[in-house]
Amino acid sequence: MGTLKDRLTTDMRAALKARDEMTTSTLRMALAAVGAAEVAGQAKRELGDDEVLALLAKEAKKRREAAAAFAEAGRDEQAAKETAEGVVLERYLPSQLSDDELAEVVRTALTTGGFTGMGQMGPAMKAAQAAVAGQAAGGRVAAEVRRQLAS
């Protein structure tokens, strides 16, 4: 099918033709973020699918946080817009692991790496994040690693 960036571009063009303003603006924003990341640094480079996926996850997290902040401030219309943008971005992210699946993935990563105590939290988190590969939020992974290292 091509790269994730190509899929975003194709979907954005389809949304534009369908006059779906929310999807069009959200995908334009995502593609602009990808473009900015590609030209950041010393030289322009193409982002790989993993990098684009990480960028989309970051943008989706921004939308969730903004929606919560707007809702707390009583700006329901803006909160609904941010939530809708988050939903559009979620289409491109891998499905999230359930709590049981996350516990099993973390248990396997900790066993494989030989991590046993809280003193090894940093390296254990690195191994767990690599094993989870974007299928769970960092806070959930950290909580599970902490819980398993403490027991």
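The largest nonpolar core contains 17 residues, and Leu8, Leu27, Val52, Leu56 and Tyr92 have the most contacts inside it. At least two residues of this core come from each of helix 1 (4-17), helix 2, helix 3 (49-72) and helix 4. Helix 2 gives the largest share, five residues. The model is predicted.

**Cores**
- Leu27 is in contact with Leu8, Asp11, Met12, Val88 and Tyr92, leaving aside neighbours within four places in sequence.
- Another core, of 15 residues, lies apart from the largest one; among its members are Leu102, Met121, Ala124 and Val132.
- In soluble globular proteins, nonpolar side chains tend to be buried together.

**Packing of helix 2 and helix 4**
- The axes of helix 2 (residues 21-39) and helix 4 are 9 Å apart, and the two helices pack at an angle of about 70 degrees.
- Helix 2 is therefore roughly perpendicular to helix 4.
- Their crossing is right-handed.
- On the helix 2 side, the contact is made by Met22, Thr23, Thr26, Leu27, Met29 and Ala30; on the helix 4 side, by Lys81, Ala84, Glu85, Val88 and Leu89.
- Seven of the residues in the contact of helix 2 with helix 4 are nonpolar, two are polar and two are charged.
- Leu27 and Val88, both part of this helix contact, also touch each other.

**Glu82**
- Glu82 lies in helix 4, which spans residues 76-90.
- With a relative accessible area of 10%, Glu82 falls under the 20% cut-off and so counts as buried.
- Not counting residues up to four places away in sequence, Glu82 touches Arg63, Ala66, Ala67 and Phe70.

Methods. Residues numbered from 1 in each chain as written. Predicted model: local features only at pLDDT ≥ 70, side-chain atom pairs only at ≥ 80, totals over all residues. Heavy atoms only, no water. Helix = DSSP H or I, 4+ residues; strand = E, 2+ residues; numbered from the N terminus. Buried < 20%, exposed > 50% of the residue type's maximum accessible area, 1.4 Å probe, protein only. Contact = heavy atoms within 4.5 Å. Axes fitted to C-alpha atoms, helices over the stretch in contact; angles between N-to-C directions. Parallel < 35°, antiparallel > 145°, perpendicular 65-115°, else oblique. Left-handed = near helix turned anticlockwise from the far one by under 90°. Nonpolar A, V, L, I, M, F, W, Y, C, P; charged D, E, K, R; others polar. Core = buried A, V, L, I, M, F, W, Y, C linked by side-chain atoms within 4.5 Å.
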